[in-house]
Amino acid sequence: MINLSLSIYGEIARDILVYPNSIINRRWGGAGLYASIAASKQGLNPTFLTLYGPELQNEYSLSYWKAMGISFDCARYIENYNHPKYLVTGFEKYQHKISRPMTTVKTGYDYRPIIPSGTKGLLIFPIDHTLPKYLCVDGKKDGIIIFLDPKPNEHSISEAKELLQYCDVLLVNEDEIKLLSESSNLNEAIDKVIATGIEYIVVKRGNRGCIIVKNDGSSFTIPTFSSNVVCTLGSGDVFGGALASTFLRTSDIRYSAIIASCVAANFIEKIDTEAIISREDVEVDIKTRKVIEMPEAINKTIYLAGPFFSEQELSWVNKICNVLESSGFTVLSPSRENGILKKNASPEDKVRIFKADIELIQKSDIVVALLDHDDPGTCFEIGYSYSKGFFTVGLNTSNRILNNMILNGCNVICNSINDLVGEIYDCLK
């Protein structure tokens, strides 16, 4: 291993994972920790610049992380330090992940670590939503490669804007780069940020892979790898740790992103924080794991046909809506766009809603029909879509036999959410 080649500034936090069935799982996480473990598994001995307190001092985890090769020599132990805690929902496959802080932001800790001797790269995440400008300035003077990964909150984004001039590799998701550039258009946001002089921008897009933009204006897309998802929390941070460590070793941003994408795909198949694939194993895994090729620019609108007249039905509609939107599509859901018709609605309101729903279909490129509840309105929408030539995908997760008109009114019938997304992408190729 290469000692002290990568230093990582970031948090150790306690993640509290809440499942839909109310089961709760706890694990140590935090962006800095996820990235440090990923870097150590990729053949480096990273130095972790972090804060920790008594809650962690006597746990086996700290000794285990040290045994993995993570150095805590520059970390600071604080007797009254409370590790941040985050309540996380939507971390399973095809959900909208929400992380809610359970502790207030703590500032005022006098923690100003110096960059350890021998550091070739510095990967920076916020601590208490704050980014250390002096580390970026000092690192830039010493010729250290600066990797910056801000988080999508006002404090972190505000400080990140000042640090772009010192940054070599910016790791962001689509929301973060739009906030940094104050632009609602992704391409415009990338153009604005790359103009600050950054060498590379890596835009992380979850199951749609990532976009890498170089400062010469060229760009390319790295696809994602197929994965049996268990928990997506921390995958972006693991991606960053794997990318930074591989880039320091190879200076090849494309190869580094491929390795990082495969490491992240492997990581989200497990629940344990430490269960990150090694460098030797990932170089084998990239040759055997299926690559998910997705269209570069989706720009397609989906009409979501399905019943929403009970809490269960509406929950199912909303879940599928989240799946499709997280996969990059624009979704027109009549319950959301036009509202839900009340039982005592007037004839005029019924006509208005009917016409409004038809207009939504006409604005769409694809129709997705939810078939589990045998809803008459959905059946009509399938017939209308068929008559107008819309590509229609049915989702039937039940075991019942479908009516012949529905079976033939859809272009394809899927039996799982995973198949649904795959079929839509396939029809766009």
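Glu 313 is a charged residue without a partner: it is buried (under 20% relative accessible area, with exposed meaning over 50% and partly exposed in between, using a 1.4 Å probe and protein chains only), and it has no salt bridge. A salt bridge here needs a side-chain nitrogen of Lys or Arg within 4 Å of a carboxyl oxygen of Asp or Glu. The nearest side chain of opposite charge, Arg 400, is 10 Å away; for charge, Lys and Arg count as positive and Asp and Glu as negative, while His and the chain ends are not counted. Glu 313 lies in helix α11, residues 311-326. Helices are DSSP runs of H or I with at least four residues, strands are runs of E with at least two, and both are numbered from the N terminus.

Before going further, a word on the ground rules. This is a predicted model, in which local features need pLDDT of at least 70 and side-chain atom pairs count only at pLDDT 80 or more, while totals for chains, interfaces and linings use all residues. Residues are numbered from 1 along each chain as its sequence is written, and side-chain values use heavy atoms, with hydrogens and water left out.

So what does Glu 313 touch, leaving aside its neighbours within four places in sequence? Its contacts (heavy atoms within 4.5 Å) are Pro 307, Phe 308 and His 373. Pro 307 also turns up beside Thr 378, which touches Ala 305, Gly 306, Pro 307, Ala 369 and Leu 370, not counting residues up to four places away in sequence. Thr 378 lies in helix α14 and is buried, with a relative accessible area of 2%.

In the loop between β19 (366-370) and α14 (376-388) sits Asp 374. Its phi is near 50 degrees, a positive value in a residue other than glycine. Most residues other than glycine have a negative phi. Asp 128 is another case, with phi near 55 degrees. Asp 128 is placed in the loop between β9 (121-124) and α4 (133-141), and it is buried at a relative accessible area of 10%. A glycine with positive phi can be found after α1: Gly 43, near 105 degrees.

Helix α1 itself (residues 31-41) is largely enclosed by the rest of the structure, because ten of its eleven residues are buried. Among them are Leu 33, Tyr 34 and Ile 37, along with Ser 36 and Ser 40.

Over in helix α8 (residues 235-250), look for Gly 240. Gly 240 counts as buried, at 0% relative accessibility. It touches Leu 123 and Leu 171, not counting residues up to four places away in sequence. Gly 240 and Ala 260 are 20 residues apart in sequence, with their C-alpha atoms 7.1 Å apart in space.

Which partner is buried? Asp 237 counts as buried at 10% relative accessibility, while Lys 151 is partly exposed at 22%. Both belong to a network of salt bridges that also takes in Asp 149 and Lys 204.

The whole structure has 13 salt bridges. Another joins Arg 289 to Glu 269, at 3.1 Å from N to O. Arg 289 lies in the loop between α10 (279-288) and β16 (291-292) and Glu 269 in the loop between α9 (253-267) and α10, so the pair ties together parts that are 20 residues apart in sequence. Arg 289 is buried at 14%, and Glu 269 is partly exposed at 23%. In the salt bridge of Arg 336 with Glu 337, the closest N and O atoms are 3.3 Å apart; Arg 336 is partly exposed at 43%, and Glu 337 is partly exposed at 37%.

Last stop: the packing of two helices. The axes of α5 (residues 154-163) and α6 (residues 174-181) come within 9 Å and cross at roughly 65 degrees. Axes are lines fitted to C-alpha atoms, for helices over the stretch in contact, with angles running from 0 to 180 degrees between N-to-C directions. Ile 157, Ala 160 and Lys 161 of α5 make the contact with Glu 176, Leu 179 and Leu 180 of α6.
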